[in-house]
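Me: I'm new to this one. Could you show me how to read it?

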Amino acid sequence: MKKIVIAVDGYSSCGKSTMAKELAKQIGYIYIDSGAMYRAVTLYCLQHHLFSGNTLDLDALRKVLNDIKITFVKNPETGRSETFLNGKNVEKEIRTMTVSNKVSIVAAAGFVREEMVRQQQAMGSEKGIVMDGRDIGTVVFPHAELKIFVTASPEIRAQRRLEELIAKGENVNFEEVLHNLTTRDRIDSTRKDGPLKQAGDAVVLDNSEMTIQEQNRKLKELYENRVNEGLARSL
Ligand code: CDP
């Protein structure tokens, strides 16, 4: 069967990764969490003291960008892909609020985006990939055969993320999480390079009222329809 590229974009914490990961597993595609790459660069910036409050030393980051190596390695026990930064597993660390509070600042830097987009395009060169993020259907894979734009109300997204963080042992409250999501959405949507926006040919999926199973089913259905349409066209 001919493989396609599937781009899943949308707002912070709207369940993109959950559904993208599940679809990739079901159809035997590679799954890439592009947000994890921006999160890993942010962790590097924090570890190397490139932030002073919310000000990022862009010149210093530009100089060291080539030293930042991000890879994804499958954990044989869970079967899940985990993020490595310069050979170290940082999967847990990159999901903390400390990183979430700074990541949109790093992701707004044009030269960072240029490098991440280059690496993401290389990962998808053979197709058979599901990638989630903010600019996947607009910048990374503008010719993706299937583009999904996921939305849900900010309060529902914040509640879901809060439960996730608490389950991981983080000491956070609803207001803090909601503030983080809305701030990131604002920075991500208004930046000059690769802003978060719906591609003209994307299918909108509002999952505010959907369970995880329902959203997974919906995405699978969209994939099957698209593949069948493609097959019909090439007959
Ligand atoms: O999990 P959540 O949806 O909250 O965020 P994420 O997908 O891990 O992305 C974290 C941040 O990385 C976003 O808020 C964006 O600032 C940035 N990002 C981006 O700029 N472009 C992407 N393709 C993916 C993420």
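Here we go through the core and then the ligand.

Reply: Some ground rules: this is a predicted model, where local features need pLDDT of at least 70 and side-chain atom pairs pLDDT 80 or more, while totals for chains, interfaces and linings use all residues. Residues are numbered from 1 along each chain as its sequence is written, and side-chain values use heavy atoms, leaving out hydrogens and water.

Me: What is a nonpolar core, and which residues have the most contacts inside the largest one?

Reply: A nonpolar core is a set of buried (under 20% relative accessible area, 1.4 Å probe, protein chains only) Ala, Val, Leu, Ile, Met, Phe, Trp, Tyr and Cys residues joined through side-chain atoms within 4.5 Å. The largest one here has 37 residues, and V41, C45, L61, I68 and V112 have the most contacts inside it. Its largest share, 8 residues, comes from α2.

Me: What does V41 touch?

Reply: Contact means heavy atoms within 4.5 Å. Leaving out residues up to four places away in sequence, V41 touches L61, I68, I70, V106, V112 and M116.

Me: How many residues surround the ligand?

Reply: A residue is near a molecule if one of its heavy atoms lies within 4 Å of it. The ligand is surrounded by 19 residues, the closest being S13, R39, R113, R184 and D188. Here too α2 gives the most, with 4 residues.

Methods:
Buried < 20%, exposed > 50% of the residue type's maximum accessible area, 1.4 Å probe, protein only. Helix = DSSP H or I, 4+ residues; strand = E, 2+ residues; numbered from the N terminus.
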